[in-house]
Amino acid sequence: MNGPRTYLDYNATAPLRPEARAAMLSALDLHGNASSVHAEGRRARQTIEAARVELGRLAGAPARDVIFTSGATEAANQVLSGPWRAILVSAVEHPAVIAAAKRNGAEVIVVPVDHLGLVAGDALATQLDRLSGAQGLRGEDILVAIQQANNETGVVQPIAEIAEIVAGQGARLMVDAVQAAGRIAIAASERRPDYVVLSSHKIGGPLGAGALIAREGAPLTPLLTGGGQERGRRAGTENVAAIAGFGAAAAAAARDLATEPMRLEHLRDRLETELAVAAPDMVVIGRQAQRLCNTTLVALAGAPAETAVIALDLAGVAASAGAACSSGKTTRSPVLAAMGIDDDIARCAVRFSLGWASKMDDVSRAAEAWQRVDRIRGSARQVA
Ligand code: PLP
């Protein structure tokens with residue numbers, strides 16, 4: 001299809017923001033190593049430190065707490081590889097968190113979610129009580145990893161309440177704020193968790209950059225050792241251009257926080273309305289919960305997600321079948337299973353996610369393309 005494309009897959013990767021592109025292009029001309037003392041090195045260092053300030057600002061944390069990494073996966077792995085004796089994760093965490101927790105060797109406890117995808121605070125408190133009571137673990141031996149918002153459904157967790165429960169036991173809290181960043185205030189600004197993980201490419205920065213924001217005093221084991229970069233917390237010569245782009249994207253995301261969420265929510269709501277006109281029996285998953293302004297996960301029973309995504313793509317619309325982090329993989333979503341969503345609905349769940357460049361035209365084109373999905377479903381029924 002040669003017409004204009006409509007990109008509605010920001011939760012997988014957002015298009016590069018112009019501010020990030022400009023910052024990267026100028027950083028590419030800096031040829032110094034940020035650890036060198038000469039003028040070239042100092043310029044590279046200044047670029048990194050300016051980006052660190054922007055990340056700190058976006059996350060409501062001091063710049064010194066920001067550690068640049070290759071992405072949120074690395075940042076989460078760094079925290080989860082620590083000497084924990086027990087790790088509690090919610091049932092809807094991203095695979096980057098769940099897989100890293102399982103590799104640690106500590107006891108891993110999966111905290112259930114309700115039908116809206118919300119972490120059960122009482123189940124979390126009960127597990128923490130059990131670990132510190134019967135098992136005699138000290139708070140500092142326990143890590144709780146909860147995302148701020150889900151990548152598939154957009155459902156937002158009550159992080160302030162969770163932080164209270166975790167702090168009550170003296171345990172450590174890691175918040176995966178990858179999808180929350182730039183869409184709602186990051187958890188760090190309310191009650192600061194010990195660790196926050198962020199990803200550049202979800203906020204319009206380049207791929208291959210991320211950050212771990214580790215509160216002063218929170219235990220930290222480097223994943224990569226070598227040179228003393230990032231104050232000994234993450235070795236390796238810094239990717240200055242990627243960090244510069246990430247910093248510029250963070251600045252733009254923080255600036256737009258006052259207006260973008262309202263604009264995106266309006267577009268998202270309109271999209272849901274128009275999709276429902278095309279197919280009135282459509283289900284919006286997680287609708288009754290607080291959701292990110294940019295995300296909708298919809299299902300048309302009888303139209304399998306893979307078929308729907310291909311039909312949309314042929315009509316010029318990029319959306320995704322459930323989580324697209326490992327695109328092409330369309331196994332049943334553990335997130336929807338944890339929410340107790342019926343298999344017939346879960347396997348038809350298509351995610352549309354909007355962002356900085358989305359416009360009302362995108363909404364209209366997606367709604368038009370959705371009619372194809374409904375027609376495919378109609379013909380499948382006739383054949384059956
Ligand atoms: N956490 C969440 C909620 C995500 O959506 C993703 C990516 O999809 C990640 C972590 C991993 O981020 P990265 O691609 O920077 O490794």
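**Exercise 1. Where does Gln-229 lie, and is Gln-229 buried or exposed?**

Solution. Start with the chain position: Gln-229 sits in the loop between β8 (210-214) and α7 (240-256). Helices (H or I, at least four residues) and strands (E, at least two) are DSSP runs, numbered from the N terminus. This is a predicted model, in which local features need pLDDT of at least 70, side-chain atom pairs count only at pLDDT 80 or more, and totals for chains, interfaces and linings use all residues. Residues are numbered from 1 along each chain as its sequence is written, and side-chain values use heavy atoms, with hydrogens and water left out.

Next, look at accessibility. Gln-229 has 12% relative accessibility, so Gln-229 counts as buried. Here buried means under 20% relative accessible area, exposed over 50%, and partly exposed in between (1.4 Å probe, protein chains only).

Finally, list the neighbours. Leaving out residues up to four places away in sequence, Gln-229 touches Ser-35, Arg-234, Ala-235, Gly-236, Thr-237 and Glu-238; contact means heavy atoms within 4.5 Å.

**Exercise 2. How many residues of helix α3 are buried?**

Solution. Helix α3 spans residues 72-80, and eight of its nine residues are buried. Among them are Ala-72, Glu-74, Asn-77 and Leu-80.

**Exercise 3. At what angle do α5 and α6 pack, and which residues meet?**

Solution. Two packed helices are described by the angle between their axes and the distance between the axes. For α5 (residues 121-132) and α6 (residues 159-168), the angle is about 15° and the axes are 10 Å apart. Axes are lines fitted to C-alpha atoms, for helices over the stretch in contact, and angles run from 0 to 180 degrees between N-to-C directions. That makes α5 roughly parallel to α6 (angles under 35 degrees).

Now turn to the residues. From α5, Gly-121, Leu-124, Ala-125 and Leu-128 meet Ile-162, Ile-165 and Val-166 of α6.

**Exercise 4. In what order do the strands of the open sheet stand, and which are at the edges?**

Solution. Four strands run in the order β9-β10-β13-β12, with antiparallel pairing; two strands pair if DSSP finds at least two bridges between them. The edges are β9 (283-284) and β12 (320-321), each with a single partner strand, so one side of each has no neighbour in the sheet.

For β12, two bridges join this strand to β13 (residues 349-353), and Ser-320 stands opposite Arg-351 in β13.

α8 (residues 260-278) lies across β9, β10 (295-299) and β13, at about 15° to β10. α9 (residues 305-314) lies across β12 and β13, at about 40° to β13.

Note on methods. Parallel < 35°, antiparallel > 145°, perpendicular 65-115°, else oblique.
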